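Visitor: Can you walk me through this one? I am new to reading structures.

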Amino acid sequence: MSDAPRSEGGLVARDLTVRYGGVVANEGVTIEVRPGQVVGLIGPNGAGKTTFVDAVTGFTACEGSIHLDGRRIDDLAPHRRKAAGLTRTWQSGELFGNLTVRENLLVSARSISFGSLFADVFKPHKATEAGVEKALEVVGLRGVADVLARDLTLGQQKLVGVARALAGRCSLVLLDEPAAGLDSNESLEFGERVREIAADGPGVLLIDHDMSLVMSVSDVVYVLEFGKIIFSGTPEDARTDPAVVAAYLGVPMEAADA
Amino acid sequence: MPEHTHRAATSGAPLLEVEGLTAGYGGVQAVRDLSFTVGPGEVVALLGPNGAGKTTSLLATVGLLPLMSGTVRALGQPVDTRKPHLLARRGVMMVPDDRGIFYGLSVADHFRLARRRADASRRALVLERFPALERLMSRKVGLLSGGEQQMLTIAKALLAEPKVLMIDEMSLGLAPKIVQEMLPSIRDLAKQEGIGLVLVEQHIELALSVADRGLILNHGRVVLDGPASELLQRRDQVEAAYFGADDLGDVDEEVLPTASTS
Amino acid sequence: MTTYLEFAVLGLGLASVYVGLSTGLLLVYRSTGIINFAQGAMGMWGVYVFTTLHDDGVLVLPIGSLTLGDEMAMAPAILIGLVNAVVLGVLAHYLVFRPVRHAPDLAQVVVSIGLMVLLQALAVIRFGPNNIPVESIFPREELTVLGADVAVRELSMCLVMLVLAALVWAYLRFTYAGAATRAASENERGAVLMGFAPDRLALVAMVMGAVVSTVGVMFGASLTGLSPANYTLMVVPALAALLVARLESVGIAVLASVLLGVFQSELSLIATKPWWPVWAKSGLDQVVPFVVIMVILFVLGGRMPSRGSLQSVRLPDVAVPRFRLVPTLVLLGVTAAALVVANDTYRFGLTSSLIITLLALSYVVITGYLGQISLAQSAFAGAAGFTLAKLTAQWDMPFPLAIVLSAAVAALLGMAVALPAFRIRGVQLAIVTIAAALAIERFVFGNYSLTPPTGNPIAAPQLFGIDFAIREGRDLARLEFSFMVLAVVTLVILAFVRIARGDTGRAFLAVRANERAAASAGIDVRRTKLIGFGLSAFIAGVAGCLLGYSHGQLSAESFSVVVGLQVLAMAYLGGITSFGGAIVAGMLGPLGLVYTALHQWFDMGDYYALITGIGLIVTAILNPSGIAGQTRMQIAWVREHLGHGEEPPTSGPPDTGEPAPSSGRTGQEVAGRV
């Protein structure tokens, strides 16, 4: 699947640069994710991973271009990018705590207008739909579909976030630290799900610091440090790349200790 | 590791005693049963990946986050969570991960605020360690670079002549070169003045190379605890603890896990 | 030309008040992050004390008074007045503002409005409702400059205020405590970690602010006289000046205050010209600040500094309502029975309660569900009420249709007010909406060319040949009218329940929970807010129409901002997140059942507002989610205050740990794009 034809499909973020005041958080970052592909984005804390996700999904102003399925989307508001098929999860979950799991997904699956007011009063929509049920199935949350999101464990909340991103139209999903707070087993299980999601069609950009997860599920890995891509290639190569190892564990300090 | 550190560490009563600390947010524990002590001139590194509970530990230690259980004694007295500012006045300083600086204020403002009564010799001493700050005095902090901001953060804490100094993620967003210069400098000052130093870091090598003792946290628990020199030698174990193996039994199997391509 | 110069100087009198209030507001905001809507009311109290001492030699305290001779000389009377302001500042800090330092925006807005209502009510009780003259410390002389007779009094006042403001500026700029205050206002956690007690700094700022504002009000009152209402709401134009200064700069706040005062003075001169349209004469003093606020927020909106603080409680939880037939029927039956057996007085009270339930429900929609603070609900109700008067009296529009159309007009107005909500939220939105409400009240409702002072008679509602008029002969509260109200209120609540359960309600709750997450889930946040404001204003509009029918004719007083604030108070007390809370609010609300009962048993009169204010403050402090239904929050609160309670029951995986960074900078980025 990683050898999909070089078409216009998927996400192409080219030369993204993000500045916060005097600090450059992303500098010329270029990342491609093709449909059905799992791409890992890793890097130490503060490297600019979340900034990149924010820039791609429209929550931070940036320079550069972003194309989704051949369509330029960098001038769209976040909800329009979502409508175009670009979805994301949030590091801290950011669920709608007063809604049930299914309702959380419904928010994502339906858009509202002034007409919704009348529809709600006179002819309410069904309280679910096919896309929602499928997304629940994919992440394995059917059993808790009617539980309030705030009452779930953190691991489940993370999965709700993923399901919410998949519930509507989704041709590419950005997962921002989805495994943070999961234990090793949950993390392994989660990796399986990520592969299933990608096998179903959408491209997946996986941002996480759980190296074992990213390395085991990604087709391609990008490594970000100080806002720049310092490596891109297969997980195997990443593991042996000295720059990558140094970025994660730091460089030994012979000089300083002398 | 320099030899003298252990000497310094053993002299005098501990400055900071954390015993069975458990804390978190909204009823969820982010860190469980953490214990450590810091003596005068001792450098303790609190290590672990993002989300391991390091920052939570620090916030709870200085009283900014209520303890769920456990005790914290600083300079021999329990920490009063209702008046966290008093702790700073007594000389237990924490540098938070947002650096605790004020973008709208100038560097000179920060210097003034850091010390109620101006002390020229202290100021000179601090500026000697961070000479770059001298020419930035009138500049607003929001306009400084990340490295300069971090220097100011540390300088500001040192100005107050702390007895305990806790620094959260000093290396965050800084080039390794800067960190490599700053860490030993801070460590030396701590040794000279008998400051108990707690470094919270992601970068293992940098922190352990200046620390006397290291604790590695993952998933809210201490998974490895020992003298820094030993931890440095058992690097494989450290990496395993770091990259998420909860059970240190299978440490040897894989350091960076191999792909399980399906 | 000389006339313009003379009026410019006259405007300095008003400018003095604005300088006093905006400087005080700024001090309080920078030290606590709270917008103190009670700043005007706090400034007023010391002036009352001063003037009663000076005139009658009586020192009036909140309870009791001391007679100190016949008349007191100017200087000691002023001094004692200012001492009162200091004491008030200290009390306000410890009893009102400190407890809500880390509470959500809504609780902070509510608490300061509670204080405003309380002080205003107390002023009515202790000093009477009428305008009293206040002596000026400056001579009433004139100076000839460039051929114009310039008032020395106004000039001197303004100079004194400029000096005071300069002192405040110097405090913030040059003193150690001032620098610490600036630091804490930007990053409170950072300040605590440096050993500052933000609390102490806030106390100092609160006291300074109270004194400066008191002096400003003293000057202003010597020109206009003093009444409990006039200086309480003077806070709104001062807020405009504060926003121009981006909540930061004393210098700009002062400049804006002076310009605003002068401009309003000039405008009052221009408005006397024959070419000035008659319809645009009244309420200009409130329209100008409103326009200033709107313009500023449109220009600066996204870049308004947000204040980093330690932590904040989230809004109270919402339980999505369900329709249950049996309880609904029981409730309806009990209400209907009560209406039948009650005498005129109580029937009118209960009917009013039903109407106020709707007004409170409009707050539930906008604040409880959408998470936006609106203080303009009474203006929406009023807009519908006045439209109804025109539709029924002039165009003979039949009853149910007239309500729908009038409420639709209110909905349009609500959506217009929602426009600034695209860029701002929280307390800034509260400022915009209260300014809008005041502008509408003064410019439209109080405008004789639009709404004649003789009143706006509303034709009695009729349907299928039944007359639903409230009065007929000696029957002052007809059962037919009450049943009609009950039917309308029931229908609206049922519709609300379906909307709250439906796609729209979900979208509201998503936006309330997190605008960014909602946008990432595909919600058009702006459109959702527009819908929310429209719906909320529509419901308020229906309430306004029913209120109109129940009064038979309307005046500006029916929909004053203060009435709206009282209903907000009650909605908050009842629980702002549920329609149950709205019903409680209806029962407690002005002219409602409880109000009527209290009036019958005791002669409550002015104490109702006082109790409202106190109740509001106490509720906001003790229980940020109100009386009704929020047991969850109450239990959590009790547990927290009993010292952390037992171990958390969940054995879930550990939290990701690190709290959100609290620097102001992050806040700005967050506010940036959505």
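This is a predicted model: local features need pLDDT of at least 70, side-chain atom pairs count only at pLDDT 80 or more; totals for chains, interfaces and linings use all residues.

Visitor: Ok, what is the strand order in the open sheet of chain B?

Guide: The order is β2-β1-β4-β5, with antiparallel pairing. Strands (E, at least two residues) and helices (H or I, at least four) are DSSP runs, numbered from the N terminus, and two strands pair if DSSP finds at least two bridges between them.

Visitor: Which strands stand at the edges?

Guide: β2 (28-38) and β5 (77-78) of chain B; each has a single partner strand, so one side of each is left without a neighbour in the sheet.

Visitor: And what is the bridge partner of B:Ala74 in β5(B)?

Guide: That is B:Gln77. β4 (residues 69-74) of chain B and β5(B) pair over two bridges.

Visitor: New topic. How many residues of chain A are in contact with chain C?

Guide: 41 residues of chain A are in contact with 34 of chain C; contact means C-beta atoms, placed from the backbone, within 7 Å.

Visitor: Which helix gives the largest share on the chain A side?

Guide: α4(A), with five residues.

Visitor: What does C:Ala435 touch?

Guide: Leaving aside neighbours within four places in sequence, its contacts include C:Val236, C:Leu239 and C:Phe290.

Key:
Residues are numbered from 1 along each chain as its sequence is written. Chains are lettered from A and ligands numbered from 1 in the order in which they are written. Two residues are in contact if their C-beta atoms, placed from the backbone, lie within 7 Å.
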